[in-house]
Amino acid sequence: MKNAANALLNRLEFPVLLAGLVIAGGLWGFEELMEVARATTPHAFDTEILLAFRQAGQPGVPIGAPWLEGAMRDITSLGSVSVLVLITAATIIYQLLIRRPATALLMFVAVAGGQVLSSLLKVGVDRPRPELVSHLVTETSLSFPSGHAMLSAVTYLTLGSLAARFLPGRTIKVYVLSLAVLTTLLVGVSRIYLGVHWPSDVLAGWCAGFAWAMLCWLVARLLQRRKVVGDDA
């Protein structure tokens, strides 16, 4: 049994193993956070972090210099549906122009599937937006999980992984993927700062988004290895 396990580990490439760990960790984390979201009262973890982004005794006033609020509004727009759709559409059209239809299709499935999954999860949990602090932007949808956090993870990680395949050198690949992760994290933090999500909403969005992006990457890799799609995938 031990020898079989060692043989399996030797056959697995490190990126594949890492992706599997991200998927497993993301699913576990999401399940745990879903219990927090379904609780009748807000968890202390949520309230303490949310209030930490507000001046003491003033839940309507965010911390930091006046320009910081504007910066957070700009950052949060990077995870909005309109911006992500524009980026995705531009990427898909580019892939079609350079005759990589399989890559274009996989990009569409990853992002569109992530959007559908996010909407279904929101309806399934049915968590309202936090009322502990004032909202610095207007939102009307449900709170859990954060769609901005989840879809930015799906979109930017998918873009980063696609770009990394054609970039020279490991250092540049790591830089591009790190930039995708950093953008995703900043979008999530901006949602908490603006008071429109509980921290657990954002964490759940990251968990689901990272897991979904890695699952799509594994599927694309498997299809390419089995020649179901060409080298353009």
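The legends below describe close-up views of a predicted model. Residues are numbered from 1 along each chain as its sequence is written, and side-chain values use heavy atoms, leaving out hydrogens and water. Local features need pLDDT of at least 70 and side-chain atom pairs count only at pLDDT 80 or more, whereas totals for chains, interfaces and linings use all residues.

**View 1. The chain has 9 helices and 2 strands.** Helices (H or I, at least four residues) and strands (E, at least two) are DSSP runs, numbered from the N terminus. Along the sequence the pattern is α-α-α-β-β-α-α-α-α-α-α. Of the 233 residues, 40% count as buried, that is, under 20% relative accessible area with a 1.4 Å probe, protein chains only.

**View 2. The largest nonpolar core has 16 residues.** A nonpolar core is a set of buried Ala, Val, Leu, Ile, Met, Phe, Trp, Tyr and Cys residues joined through side-chain atoms within 4.5 Å. M107, Y156, L157 and M214 have the most contacts inside this core. At least two of its residues come from each of helix 2 (14-37), helix 5 (81-97), helix 6 (101-125), helix 7 (147-164) and helix 9 (199-225). Helix 7 gives the most, with 6 residues. Another core, of 14 residues, lies apart from it and includes L50, Y193, V196 and W206.

**View 3. Contacts of M107.** Contact means heavy atoms within 4.5 Å. Leaving aside neighbours within four places in sequence, M107 is in contact with T88, T91, I92, T155, T158, L159 and L162.

**View 4. The largest pocket holds about 950 Å³ of space.** On a 1 Å grid over the protein atoms alone, a pocket is an open set of points where a 1.4 Å probe fits, with protein on both sides within 12 Å along at least five of seven lines; lining residues have an atom within 4 Å of a point. Grid points are joined across faces, edges and corners, and the volume is the space filled by probe spheres set on the points. The lining has 32 residues, and P15, S161, L177, M214 and W217 lie nearest the centre of the pocket. Helix 9 gives the most to the lining, with 9 residues.

**View 5. T183 in helix 8.** T183 counts as buried because its relative accessible area is 17%. Not counting residues up to four places away in sequence, T183 touches L78 and Y156.

Notes. Buried < 20%, exposed > 50% of the residue type's maximum accessible area, 1.4 Å probe, protein only.
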